[in-house]
Amino acid sequence: MPEEVVVISGKGGTGKTSVVAAFATLAKDKVLTDCDVDAADLHLILQPRIVHRERFTGGKKARVRPDLCAACGKCEEICRFGAVSMTGPGNDGVKKTYAVDPISCEGCGVCVHFCPADAIAFEDSVDGEWFVSETRCGPMVHAKLGIAQGNSGKLVSIVRDRAREIAEREGHGLILSDGSPGIGCPVIASLTGASLALAVTEPTLSGLHDLRRVADLARHFRIPVAVVINKHDLNGDMTIEIERWAEGFGAEVLGRIRYDQVVTRAQLAGKSVVEYGDGAVSKELAGVWERVQDVLSRG
Amino acid sequence: MRGEEEAKGMIVAVASGKGGTGKTTIAVNLAVMLSAEGEDVTYADCDVEAPNGHIFLKPRLAEKIPIFLTAPHVDPDKCTGCGRCGEICRFSAIVCIKKKVLTFLELCHACGGCARVCPEGAIVEEPRQIGIVEMGELGGLGFVHGKLNIGEPLAPKIIEEVKKRIGGSWAILDAPPGAACPVIETIKGADHVLLVSEPTPFGLSDLEIAYEVTRKLGIACSLVINRADVGDDRLKRFAESRGVPVVLEIPDDRRIAECYSRGEMVVDALPEYRGRFVAMFERIAGAQACPKR
């Protein structure tokens with residue numbers, strides 16, 4: 001059974017993807033995933049070569065057939081999501097018909113079920129695409145959510161399931177997952193069943209506020225939490241406050257990474273920080289990776 | 001939300017794609033400067049999963065409103081195990097297995113389908129609190145934010161409730177990162193999207209996605225380039241190629257990062273930036289004729 005480390009943050013922009021890219025270079029024998037399906041960035045460092053791609057259908061959308069609509073208004077009356085309005089073209093019977101806004105449509109199918117004229121089609125919604133790729137750091141499963149599409153949580157689940165299949169089939173002991181910011185549906189979908197939630201945080205009031213929320217989320221799903229404090233030298237007092245919080249919460253702090261423009265330079269060069277050079281930040285990241293492995297081996 | 005008579009006033013949503021580019025920094029400082037110029041402004045924090053605006057604005061909170069979704073409760077005495085509820089549910093929130101009904105309340109999207117379809121009237125939709133909305137003010141600047149309860153998956157309902165409580169003429173909506181449902185819910189209906197990004201590969205990639213979202217929703221946008229001296233010029237060239245006006249550039253000023261880390265407003269700690277926020281707003285308002293609503 002492969003272990004899975006999921007890198008989350010609560011707050012955006014703390015350095016999740018940079019940390020995952022560094023670990024990808026350091027770790028042996030793993031499958032990588034990018035679970036940040038609506039704003040994926042890991043591919044910009046790992047330059048994946050796609051070997052398999054599939055369309056993702058997260059659900060369905062309702063669409064009123066204007067030729068069949070009798071404009072009774074039942075759909076608008078029962079839609080809980082404000083997705084239906086009388087903005088469709090007329091037909092032989094009525095001057096205007098009802099229409100569903102696909103962006104607001106939740107895909108619940110209630111209007112479809114209750115339309116007295118059976119005038120509403122319920123069609124698969126293509127919400128994005130997922131990919132299995134090869135990289136210089138091993139296999140990677142990633143995805144792209146369609147613009148203004150929903151069901152990101154489902155797409156994340158598919159990405160993780162495919163990674164697990166590959167890990168089991170090819171005998172990789174680890175799955176390393178780049179998560180997304182926040183605490184909602186895609187983050188939940190990336191955390192469930194993980195071996196470790198590694199929270200990348202920054203020494204700011206916002207960072208600590210959001211770290212608490214995502215740590216509580218991981219605990220809610222009984223996932224152990226460890227922390228790495230990125231850009232720690234921006235605020236020494238906040239770094240100490242985070243460490244105090246972590247001790248009280250029961251999360252291990254696996255290291256501190258200093259702020260350094262080399263992180264951006266590596267990104268511009270399309271390399272992980274560790275590949276780009278062997279300065280202080282690279283050493284700090286390597287140290288954190290050692291400690292992640294310790295935590296995993298302790299079980 | 002606002003009367004038909006009002007000709008001035010805009011809803012500006014501050015979004016980015018990439019997290020950590022400076023949405024909240026821009027949104028709170030812009031809101032404060034606009035309010036200081038005498039405008040009637042509300043700052044609405046729509047990042048209900050990880051709201052941070054209150055850390056900087058420190059508003060006097062006056063009202064706390066619980067927000068509910070509903071979820072199905074099945075009366076076992078009336079239920080015949082026909083399974084129609086499970087058939088209509090698209091979210092696996094209610095399933096019927098071997099004539100027994102199971103519910104998974106957190107998955108419920110509150111569409112009402114199961115309750116409507118049950119032939120025995122055995123299903124009642126009970127309210128279930130999923131978070132809160134809080135309202136307040138700071139010296140004339142209106143404040144509203146939402147907080148999704150930990151473990152709840154669905155942010156959009158809370159965001160909708162935050163947006164309902166915007167008052168005054170101008171609203172600055174602080175969007176969450178990314179481009180998924182919570183961002184769509186925040187941005188839809190706005191007059192203008194102020195995109196905030198940084199000139200790095202991640203910043204550009206996610207900004208392209210956020211830009212496509214504004215295209216799909218048909219909303220005018222402009223761009224703030226934060227940490228403008230750290231990367232390359234591809235972000236600027238992308239904006240130029242799409243006709244997106246760059247309304248503000250902020251250098252990679254470590255002092256901004258440090259005051260941010262302490263929860264301080266840029267316009268208070270570094271007053272030399274005040275004029276830039278006002279000028280930015282004039283450019284946004286100029287870049288877009290205020291629509292009569």
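**Entry 1**

I began with B:L102 and found it in strand 5 of chain B, which covers residues 100–103. I kept in mind that this is a predicted model. Is B:L102 buried, partly exposed or exposed? Its relative accessibility is 39%, so I wrote it down as partly exposed; that class lies between the buried limit of under 20% and the exposed limit of over 50%.

B:L102 belongs to a nonpolar patch with B:I97, B:F104 and B:L107. Together these residues have about 350 Å² of accessible area.

**Entry 2: the sheet of chain B**

I then traced the sheet. In chain B, 9 strands form an open sheet with mixed pairing, and I read their order as 3-6-7-2-8-1-9-10-11. Which strands stand at the edges? They are strand 3 (60–74) and strand 11 (246–249) of chain B; each has a single partner strand, so one side of each is left without a neighbour in the sheet. From one strand to the next, the twist averages 20°.

I also checked what packs on the sheet. Helix 5 of chain B (residues 156–164) does, and it touches strand 2 (41–45), strand 3, strand 6 (123–138), strand 7 (141–148) and strand 8 (170–174) of chain B. The direction of helix 5 makes about 45° with that of strand 6 of chain B.

**Entry 3: looking at the pairs**

A reminder to myself: strands of a sheet pair through backbone hydrogen bonds, in either a parallel or an antiparallel way.

I picked strand 7 of chain B and saw that it is mostly covered, with 7 of its 8 residues buried. Strand 7 runs parallel to strand 2 of chain B, and 4 bridges join them. Here B:T42 has B:G142 as its bridge partner.

With strand 6 of chain B, strand 7 pairs in the antiparallel sense over 8 bridges. In this pair, I found B:G136 opposite B:F143. Strands 6 and 7 of chain B also form a hairpin, with 2 residues between them. In the turn, B:G139 has a positive phi of about 50°.

I looked up one more pair: strand 9 (residues 192–197) and strand 10 (residues 220–225) of chain B are parallel, with 6 bridges. B:L195 stands opposite B:L223 of strand 10.

**Entry 4: a serine beside chain A**

Last, I visited B:S261 in helix 9 of chain B (residues 254–261). Its relative accessibility is 0%, so B:S261 counts as buried. Which residues does B:S261 contact, leaving aside neighbours within four places in sequence? I listed A:P203, A:T204, A:L205, A:L234, A:N235 and A:M238.

Note on methods: Residues are numbered from 1 along each chain as its sequence is written. Chains are lettered from A and ligands numbered from 1 in the order in which they are written. This is a predicted model: local features need pLDDT of at least 70, side-chain atom pairs count only at pLDDT 80 or more; totals for chains, interfaces and linings use all residues. Side-chain values use heavy atoms; hydrogens and water are left out. Patches are made of residues with over 30% relative accessible area and no salt bridge: like charges are joined within 9 Å, nonpolar side chains (Val, Leu, Ile, Met, Phe, Trp, Tyr) within 5 Å. Accessible areas come from the Shrake-Rupley method with a 1.4 Å probe; for residues, only the protein chains shown count as cover. A salt bridge is a side-chain nitrogen of Lys or Arg within 4 Å of a carboxyl oxygen of Asp or Glu. Buried means under 20% relative accessible area, exposed over 50%, partly exposed in between (1.4 Å probe, protein chains only). Two strands pair if DSSP finds at least two bridges between them. Axes are lines fitted to C-alpha atoms, for helices over the stretch in contact, and angles run from 0 to 180 degrees between N-to-C directions. Contact means heavy atoms within 4.5 Å.
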